[in-house]
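Take a look at the protein shown here.

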Amino acid sequence: MTTPDDGDPSSPTSPAEARRHSQLNAKRAEIEERVRSTRADLEGRVTEARAQFDQANERVEARVGRNLVMAIGIGVGLGAVLLLSLFVFKGLFAVFGAAVVVFTTLELATALRHSDRRADRWPAAGAGLVIVAAAYFTDGPTRWAVMIAAITFVVVWRLIAQMAAGDGRAPLEVVLDLAAVVFVQAYVAGLGSFAVILVARDGGELWVFAFICLVVVVDVGAYASGLTFGRHPMAPRVSPNKTWEGFAGALILSQVAGVLIAVFLLGQPWWVGMIFGAVIILSATIGDLSESMIKRDIGVKDMSSWLPGHGGFLDRLDSILPSAPIAYLLFVIFS
């Protein structure tokens, strides 16, 4: 008669079974140790790569003053909304444009307070909304009449508000305030409404998409070329980061992109694309420098912080706004 300890191989407590358990435990421990070592190595590499990425991002941010990752994310999101509004339902573009005009108007009117200019925010935003609606739903003469009426409305509102304040503001300051409220309407709603007018025309959405693509190409080309080769500032007192090397890179890319867009998107001759690219790089550059002058005069770095990585709405629209009427003019001439 045997017991479980007599060396029976089938016994769970036999020496053979004990050795197998011991070997399995040793292998399991070895595997677990390798897993822990591999995981620690991967975590170390991820941490190192993230640190290197953060350092590179910090160097770029120090060079251009922007969080590049955040800026790209916001830009992709806005681009998706733009495409949806242009090619799915054009009426949505009018809504999108109206929202952008309202936010940008509020932003600019608020920023002007830094220079002691009094621009009434909500009346200006309401007038801008009316201008955009008229741009989409009415014809030429009515559209201009609405714009004049909207500008008259904000001017009268400012005069009444000044009289109600009764703070003895100097006449010259009042005149400058009136000039400021007119400027806000003309700059934001006036220029921006041309994009809405263009979308309302048959085939106009393609031209809107084309000129915005060209503006993006100009901005990216100027940014990449300036960051890589920039040595000679274009206007150091206005925008120290804008260089002639960046402008040259943007010019080359705008010509290439203009030709491709004209031929394959707009169905126009290649030389129309060269004209398109040339005028857009001029309007985009002038718009960029003009907004930089406004910010320097006001005394702010960004118009607002509403768009992380970009600053404010006007910081993103500075090149688009003056390019919109140029695109509309080219559409009228060539389409």
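## Order of the elements

Along the sequence, the protein chain runs α-α-α-α-α-α-α-β-β-α-α-α-α. That makes 11 helices and 2 strands. Keep in mind that this is a predicted model.

## The chain as a whole

The protein chain has 335 residues, and 41% of them are buried. Its accessible surface is about 18300 Å². Carbon and sulfur atoms supply 68% of that surface.

## Nonpolar cores

The largest nonpolar core holds 58 residues. Which of them touch the most other members? They are F93, L108, V208, F211 and F276. Helix 6, residues 171–200, gives this core its largest share, with 12 residues.

Now pick out F93. Leaving aside residues up to four places away in sequence, F93 touches L82, S85, L86, A195, V196, V199 and V208. Three of these names, A195, V196 and V199, fall within the residue range of helix 6.

There is also a second, separate core. This one has 5 residues, among them V218, A222, A250 and I281.

## Helix 6 meets helix 11

Helix 11 covers residues 320–334. Its axis and the axis of helix 6 come within 8 Å. The two axes cross at roughly 35°, and the crossing is left-handed.

Which residues make the contact? From helix 6 come Y187, V188, L191, G192, F194, A195, I197 and L198. From helix 11 come L321, P322, A324, P325, A327, Y328 and F331. By type, the contact has 14 nonpolar residues, 1 polar residue and no charged ones. A195 of helix 6 takes part in this contact, and A195 also touches F93.

## A serine inside

S254 sits in helix 8, which spans residues 244–264. Is S254 buried or exposed? S254 has a relative accessible area of 0%, so it is buried. The cut-off for buried is under 20%.

What does S254 touch? Setting aside residues up to four places away in sequence, its contacts are L214, V217, V218, G277 and I281. Two of these, V218 and I281, are also members of the second core.

Definitions and conventions
Residues numbered from 1 in each chain as written. Predicted model: local features only at pLDDT ≥ 70, side-chain atom pairs only at ≥ 80, totals over all residues. Heavy atoms only, no water. Helix = DSSP H or I, 4+ residues; strand = E, 2+ residues; numbered from the N terminus. Buried < 20%, exposed > 50% of the residue type's maximum accessible area, 1.4 Å probe, protein only. Areas by Shrake-Rupley, 256 points an atom, 1.4 Å probe, with all protein chains shown as cover. Core = buried A, V, L, I, M, F, W, Y, C linked by side-chain atoms within 4.5 Å. Contact = heavy atoms within 4.5 Å. Axes fitted to C-alpha atoms, helices over the stretch in contact; angles between N-to-C directions. Left-handed = near helix turned anticlockwise from the far one by under 90°. Nonpolar A, V, L, I, M, F, W, Y, C, P; charged D, E, K, R; others polar.
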